[in-house]
There are 4 protein chains.
Amino acid sequence: MMKKAAIVGASGYSGEELVRLLLAHPQAELSAVTSRQYAGQTVAQIFPKFAHYPRARALRFSEPNCELLAKQAEVVFLALPHGVAAEFAAPLLQLGCQVIDLSADFRLKSAAVYREFYTHDHPAPDLLNNSVYGLPEIHRDQLKNASLIASPGCYPTSILLPAIPLVKAKLINPHSLIADSLSGVSGAGRKAELDYLFVECNESLRPYGVPKHRHLSEIEEQLALAAGGKVTIQFTPHLVPVNRGILTTIYAAPAEHFNDTAGAARLGEKVGACYAEAYGDEPFIRLLDGKALPDTKNVAGTNVIEIAWRLDPRTGRLIVMSALDNIVKGASGQAVQSFNILCGFPETTGLI
Amino acid sequence: MMKKAAIVGASGYSGEELVRLLLAHPQAELSAVTSRQYAGQTVAQIFPKFAHYPRARALRFSEPNCELLAKQAEVVFLALPHGVAAEFAAPLLQLGCQVIDLSADFRLKSAAVYREFYTHDHPAPDLLNNSVYGLPEIHRDQLKNASLIASPGCYPTSILLPAIPLVKAKLINPHSLIADSLSGVSGAGRKAELDYLFVECNESLRPYGVPKHRHLSEIEEQLALAAGGKVTIQFTPHLVPVNRGILTTIYAAPAEHFNDTAGAARLGEKVGACYAEAYGDEPFIRLLDGKALPDTKNVAGTNVIEIAWRLDPRTGRLIVMSALDNIVKGASGQAVQSFNILCGFPETTGLI
Amino acid sequence: MMKKAAIVGASGYSGEELVRLLLAHPQAELSAVTSRQYAGQTVAQIFPKFAHYPRARALRFSEPNCELLAKQAEVVFLALPHGVAAEFAAPLLQLGCQVIDLSADFRLKSAAVYREFYTHDHPAPDLLNNSVYGLPEIHRDQLKNASLIASPGCYPTSILLPAIPLVKAKLINPHSLIADSLSGVSGAGRKAELDYLFVECNESLRPYGVPKHRHLSEIEEQLALAAGGKVTIQFTPHLVPVNRGILTTIYAAPAEHFNDTAGAARLGEKVGACYAEAYGDEPFIRLLDGKALPDTKNVAGTNVIEIAWRLDPRTGRLIVMSALDNIVKGASGQAVQSFNILCGFPETTGLI
Amino acid sequence: MMKKAAIVGASGYSGEELVRLLLAHPQAELSAVTSRQYAGQTVAQIFPKFAHYPRARALRFSEPNCELLAKQAEVVFLALPHGVAAEFAAPLLQLGCQVIDLSADFRLKSAAVYREFYTHDHPAPDLLNNSVYGLPEIHRDQLKNASLIASPGCYPTSILLPAIPLVKAKLINPHSLIADSLSGVSGAGRKAELDYLFVECNESLRPYGVPKHRHLSEIEEQLALAAGGKVTIQFTPHLVPVNRGILTTIYAAPAEHFNDTAGAARLGEKVGACYAEAYGDEPFIRLLDGKALPDTKNVAGTNVIEIAWRLDPRTGRLIVMSALDNIVKGASGQAVQSFNILCGFPETTGLI
């Protein structure tokens, strides 16, 4: 069985990656792609690297038009800027499409939190309660019957997947969480801004958005769900000169105090068991063992997140590290994973 | 007045940078450079980029020989691997040289801590008490009359300079310190190892040495001096694909609790005053104001460290960020700064 | 139908890429991988990025042993250094395997030319006449029945595919050919040498092997086949800081003189027709039209080569540019393309 | 003696590098910098890396105003886009300033050639004959008394310096020249365009401007001066992922035919003597000997150009390779070198 899928806003990095994944997907037919900028040109003309797909040579970008899209596709991916996605989601849902939105527009349940972090009113607050946060390893069951999926941000994915099992199992104090993240430049999007020029990024390491980055809103809302109560954490993003990849290092105070190697060993068994139970069978989560630590080059281009952890008997802290590709597991790959769940396909279809 | 200076082990990245700085130094005469590997060849042959200096075309690398070095130079820089430097320091000191060591051999006061972190006995424990830790902004007075200067490590410099004033002023709880650092690949030295090949580092972000990196020993010893008692901290280094630069983000719990913007403003005045008093006149410390945050590209090739800080009313934490060039302020530039102090030259000579 | 395939020497960059391609190949069973260095460890341990394949978690590297390999595999890929591959090819062929060699050992027909360029006698000269040069677009028919395939070098592929149709059609003077190539650092192999450290390659552009690089031998031998007589050309390789990719710019004097746009247009029709006829239906050759020029980022990770050309009425020259991924179309992808031909599979199997 | 110097258009990469060089110049006083975009802000605010200079903290960008500039400075550097520079040069010259223009506006003698390559009429054709092409190694004497210096382009410098001595000595056929160049991304200027984003340039190798790049006009005009007659050459620029650096490989047919090592040796003596005579005493030209080949990392940040050459007895061609920093010897450093000549300072002042 094939599913017809469309992409609205296919000219950015997430859109381009959706094009790549859906062209190669054995059960998806990429039936429409829209881009105001590129309307009329073929996918192969704009993205020569896909030109070996006959579909890429045939399919032309069109102006976005919801009525037309609803005729062309059963599932519509929105790869649009924050705020713009909401304008498309409502009509598409009414016209009977299932919508997978990669923007931040429907990730929060609370319109008030949205206003606090995005500094304007939410454009479609009534839809917030209908959307499902598209983190399949956490919300798989709800995704099966979703009509509107809010695919998570790249930083949130790199923090939530390692943190949620520990929070749920009450192994750590959620308020102690500090997440220090490094992101490749594609995370800034395909935008013509001086800050993201090659010369400005190459040989540059820099923090930004300190101390209140917008992604904190969805991170804290999801952690609150896991903890059963409000959670506030620390998060610092850094821009580093790679194309793809997020490396996150998380610091947490365990609920159970330890200050020697014996204590670390006891707690380590619990942490190991917690992750094994939560993720032991997950196809896209690689729990590292032995001396291995995450490295973004081992996940680039894939939908995999690597996770490793260490207990430090000197400080009594737990350190958890994760690596993912911000454009795949952090955006488009994860969206296709949700698409597979939604369509009843095996979850790894087109992703391994 | 000119001072004769020699470099032992001038073939690594720190050695090469010492060559650069001393060739350009208006009051230093680079009188000898040693390298077993390159003995007999001129500096210009090994480092073509210095060939426009007549001295680089004339000066040849020699085999290291302490008696000869003592005749050639008043001050000897040791740019040798850990453990090897100590073999040269003792005889050179006895022969009347002043020694500036860039290795870790004389940075600690405690031979026991050295053994714990370096896993072998210290080769010259009696010299540990004679050495001065070469962080000029902290130990300037002692450096004036030092015979043996232990120049700090790159990570320690990036952590200690931002942290010490706060610890001294008791504005933060020193045990709460978490330092998350990103380092360019030159920090690994000029070593032919697979891990540091271009292909292995480019498009790679990875933590390493978690949770007990060797540099913790000197960081904690210096913090203890500032705090007036033992300090244990968290430190996580990461390898990122730049040639030069360390970016450190420090998380600390202020001694004074705050949880709103008014509290942050009150504490912020104290933090700002603390830094202004400690570093307001320092030529190599750039305290950033306004919205500016540190960026390694603004310090590359210079002896400057950039420092900025933020108070987060949501979490009650202080975040301090620093950027430096690991080979200059983190190694050779700082060593030349100490050299200037030792020789009675203006501290910025040859460095600005 | 599945084909059992083994890789000898699977620890270098070409070997790793063969592992990637064969793990994903729907008609290949990766039955053995050898590596002296990694014997006993699983593929997933050495290459974590393949760990989501169950086969990678099960398959262990073994010591290379021809008798065992002949029992395990029908087709054996040799990803070994030049000179070493020949030691394996002869016994494997005798034991009935088909061999696809990625080294230079069997690319030349002439043992004398081998001696001239590789400075030692060929270790198995009698096999030279049995091998087929594995450039599918040129030697497809011979590859169908080959027992020993010599897969081309990365630079030769980037030069021969654009040049051979023009030489065959006598549109250019083959002796006028100048090929100026830029290569990513993976082309140097996974070797622990100072020259290929991140710090030595990043922010570095440098020619090497001027004027007589070893790859000239196979380039000139293949051009001679196309021209029907001896050919000598100019070739300059450069090392540039990318992981993957070769960009080649070729300068040639057309057989037909022109010095204005009308002449260029007439000749242009012939050049366009020549390429269209030679490669119009090739799945892995992308002939660019309009204003597009090759870019290695459009072919990275794929088996595609991009080709574009321009006629310059000012100089009367033809300029042809190509881009490929040196590890895929320049090595392992092309080897799998030959494997597909050898096995009677559709040529794009596992490659698109 | 100090000279007052101003920079018009100091916000691009060349302007920023002029700021760096003039702040450090012992005989220049940076008296004014203009930038519409940054007017009112200090140099230190816009370029934090210069903040350790007191002058950078005091000096503010102003709106460009010729009358004011003429009062503030004796020498005015124009670091403006092509076409804009001419609007400032004429009034500044009339007001008595000496002008050093880094744009292409005054590099050509022929307004017709300007129109052909820049596709519009020259805005101040009467000034073309008054300007001196600022290649000090070639036009040193004329620069001493120039009022308007047209500082060369980065590609032209990398081609002309290696080629002119050979052309003048009639050792090569100038019409045979092919120049294949690689440029770092700063060559494109600080412009917010998608093509120069980090993600678009990193892991990308691409030719552009084929076959008629604008810089050909000044290259051919200068070669014609050296050859004593019209010259047409081939030139292909490529964009590669480094911040700084141009690597040029030049192919030429020697006037004297050779086809063996003896012939190469005879011709090699003449080529070596030609370069030694032309450049043996030049402080900024490094003639490489032995096996050394140019590498941009050996010239980055300096005003030096590296040159090496090889004769190929197989093809009878001469290959000459050069490396320079496109922003220093290719732009601002060379402009300061001309400034030193103009002012009667030692030519290396502030540059070594």
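Which side chain meets D:Arg286 in a salt bridge? I looked this up before anything else, bearing in mind that the model is predicted. The partner is D:Glu306, with N and O 2.6 Å apart. I then checked where the two sit: D:Arg286 is in strand β12 (residues 285–287) of chain D and D:Glu306 in strand β13 (residues 305–312), so the pair ties together parts that are 20 residues apart in sequence. Both D:Arg286 and D:Glu306 are buried.

**Entry: other salt bridges**

I searched the whole structure and got 82 salt bridges over all chains. One of my picks was B:Lys3 with B:Glu74, whose closest N and O atoms are 4.0 Å apart. B:Lys3 belongs to strand β1 (residues 3–8) of chain B, while B:Glu74 is in the loop between α4 (66–72) and β4 (75–78), so this bridge links parts 71 residues apart in sequence. B:Lys3 is buried at 14% relative accessible area, whereas B:Glu74 is partly exposed at 35%.

I also noted D:Lys144 and D:Asp141, where the closest N and O atoms are 3.3 Å apart. Here D:Lys144 is partly exposed, at 44% relative accessibility, and D:Asp141 is exposed, at 57%.

**Entry: chain A against chain D**

Next I turned to this interface, where 19 residues of chain A are in contact with 19 residues of chain D. The two chains bury about 1800 Å² between them, 65% of it on carbon and sulfur atoms. On the chain A side, A:Phe198, A:Val199 and A:Asn243 lose the most area, together 38% of what that side buries.

I counted two salt bridges between chain A and chain D. D:Glu200 and A:Arg190 form a salt bridge at 3.4 Å, N to O. Eight residue pairs are in polar contact across the interface. Helix α9 (residues 198–201) of chain A gives the most to its side, with four residues. That side divides into eleven nonpolar, four polar and four charged residues.

The same surface serves both, as 100% of the contact residues of chain A recur in chain D.

**Entry: B:Asn326**

Is B:Asn326 buried or exposed? I found it buried, at 2% relative accessibility. B:Asn326 lies in the loop between β14 (317–324) and α12 (328–343) of chain B. A polar atom of its side chain is 2.7 Å from the backbone nitrogen of B:Gly245. Residues that B:Asn326 touches include B:Cys154, B:Gly184, B:Ser186 and B:Ala331.

Conventions
Residues numbered from 1 in each chain as written. Chains lettered and ligands numbered in written order. Predicted model: local features only at pLDDT ≥ 70, side-chain atom pairs only at ≥ 80, totals over all residues. Heavy atoms only, no water. Buried < 20%, exposed > 50% of the residue type's maximum accessible area, 1.4 Å probe, protein only. Polar contact = N/O pair within 3.5 Å; in protein donor to acceptor, adjacent residues only side chain to side chain. Contact = heavy atoms within 4.5 Å. Buried area = accessible area lost by both parts, 1.4 Å probe. Nonpolar A, V, L, I, M, F, W, Y, C, P; charged D, E, K, R; others polar. Lists of a residue's contacts leave out its neighbours within four places in sequence.
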